[in-house]
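The sequence and the structure are shown first.

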Amino acid sequence: MEEITRELVRALLPPRDPGGHKGTFGRVYVYGGSVGYTGAPVYAGEAAVRTGSGLVYVGVPGEVYPIVAARCDAAMAHPVPPDPAALRERMAGCGAVLLGPGLGRAPETERAVLALLRDLEQPVVLDADGINAVSAHIDELDNRRGVTVLTPHEGEFARLNGSFPGDRREQVAEAFARRHGCVLVLKGPGTLVAGADGRLFRNTTGNCGMAKGGSGDVLAGMILSLLGQGAGPVEAAVCAVWLHGRAGDLAARELTAYAMAPSDLLRWLPAAFHSLDQ
């Protein structure tokens with residue numbers, strides 16, 4: 001197992017072309033949101049922008065679109081088209097797709113997630129309700145043609161794996177990623193990144209002030225962004241978890257772990273990137 005350090009992230013982060021334009025830095029798509037859960041896709045979309053994506057699309061149900069659109073800044077929100085084929089067409093033009101933040105657990109929603117997993121060939125990040133949709137259909141994960149990155153907390157992972165990792169987090173995470181051919185980001189103190197090829201990393205940044213609803217949505221958007229910029233799935237996850245934790249550490253230093261909020265992770269992301277050069 002390798003520790004994720006500043007030096008490792010500096011080496012793995014996709015280079016930034018000084019002469020690039022918005023098309024150079026990737027198009028990504030966030031599919032999420034539902035009544036009562038409008039913040040999750042906003043955090044994910046804005047995190048993708050803050051992590052360098054050129055174009056970020058956020059698709060949400062029509063009933064929450066006005067709320068989400070009003071909260072998005074650079075991310076471009078739109079109501080999800082009722083025709084599944086139209087939704088897939090929108091996603092097909094993107095380099096990576098995030099499924100799940102705030103999506104809800106209605107049966108029709110879970111069916112939509114599973115259908116998209118079968119159809120999409122580009123890298124997919126599964127977070128929150130995207131993970132819940134797959135937990136009872138793990139064969140859908142095994143049969144995917146493209147790259148899949150999962151970002152569960154330990155409760156979600158217990159549903160995926162059928163058991164809680166306990167004090168064997170490293171061994172269980174590595175075995176799961178190998179068995180299902182995915183990249184697993186097992187969140188918590190010392191977040192783990194496990195690759196299907198057996199690589200295993202433990203994060204060295206972050207604090208308990210990040211243990212608040214919404215922090216994971218920021219992380220998922222960051223991983224999505226780096227995938228869309230061409231990073232490999234393990235590399236994208238490794239860089240994102242360190243930068244996410246670093247932003248949390250900077251926020252806690254200023255605001256305390258009690259008072260910081262997930263939105264503060266977005267505010268401190270620029271400083272987290274800047275710290276790579278220090």
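A residue is called buried when its relative accessible area is under 20%, and exposed when that area is over 50%. The model discussed here is predicted.

**Cysteines**

Cys182 has a relative accessible area of 2% and is therefore buried. Its place in the chain is the loop between H9 and strand E8 (183-186). Leaving aside residues up to four places away in sequence, Cys182 touches Leu141, Thr148, Leu150, Phe176, Ala177, Ala194, Gly195 and Ala196. Between Cys182 and Pro81 there are 29 Å in space, C-alpha to C-alpha, and the two are 101 residues apart in sequence.

A disulfide requires two cysteine sulfur atoms within 2.5 Å. By this rule the count is 0 disulfides. Cys72 is in no disulfide, and the nearest cysteine sulfur, that of Cys94, is 14 Å away. Cys182 is likewise in no disulfide; the nearest cysteine sulfur belongs to Cys239 and is 19 Å away.

| Residue | Relative accessibility | State |
|---|---|---|
| Cys72 | 12% | buried |
| Cys182 | 2% | buried |
| Phe157 | 0% | buried |
| Phe176 | 0% | buried |
| Thr38 | 15% | buried |

**Aromatic rings**

The structure holds 1 aromatic pair. Phe157 and Phe176 form this pair in an edge-to-face arrangement, with 5.2 Å from centre to centre and 70° between the planes. Because Phe157 belongs to helix H8 (residues 154-161) and Phe176 to helix H9 (residues 169-180), the pair ties together parts that are 19 residues apart in sequence. Phe176 is also one of the residues that Cys182 touches. Elsewhere, the charged end of Arg16 sits over the ring of Phe25, at 3.5 Å from its centre.

Thr38 lies in the loop between strand E2 (27-31) and helix H2 (39-50). With a relative accessibility of 15%, Thr38 counts as buried. Not counting residues up to four places away in sequence, its contacts are Val64, Ile67, Val68 and Arg71.

In H2, 10 of the 12 residues are buried, so the helix is mostly covered. The buried residues are Gly39, Ala40, Pro41, Val42, Tyr43, Ala44, Gly45, Glu46, Ala47 and Ala48. Their cover includes E2, strand E3 (55-60), helix H3 (65-71), strand E5 (96-99), helix H10 (215-228) and helix H12 (262-274).

**Nonpolar cores**

The largest nonpolar core has 56 residues, and those with the most contacts inside it are Ile4, Val58, Val68, Val185, Val193 and Ile223. Helix H11 (residues 233-259) contributes the largest share of this core, 13 residues. Ile223 touches Val125, Val149, Thr151, Val185, Ala236, Ala237 and Ala240, not counting residues up to four places away in sequence. Another core, of 35 residues, lies apart from the largest one and has Leu87, Leu103, Ala133 and Leu160 among its members.

Definitions and conventions:
Residues are numbered from 1 along each chain as its sequence is written. This is a predicted model: local features need pLDDT of at least 70, side-chain atom pairs count only at pLDDT 80 or more; totals for chains, interfaces and linings use all residues. Side-chain values use heavy atoms; hydrogens and water are left out. Buried means under 20% relative accessible area, exposed over 50%, partly exposed in between (1.4 Å probe, protein chains only). Rings of Phe, Tyr and Trp (its six-membered ring) pair if their centres lie within 6.5 Å; planes under 30 degrees apart count as stacked, over 60 as edge-to-face and the rest as tilted. Helices (H or I, at least four residues) and strands (E, at least two) are DSSP runs, numbered from the N terminus. A charge sits over a ring if NZ of Lys or CZ of Arg is within 6 Å of the ring centre and within 35 degrees of the ring normal. A nonpolar core is a set of buried Ala, Val, Leu, Ile, Met, Phe, Trp, Tyr and Cys residues joined through side-chain atoms within 4.5 Å. Contact means heavy atoms within 4.5 Å.
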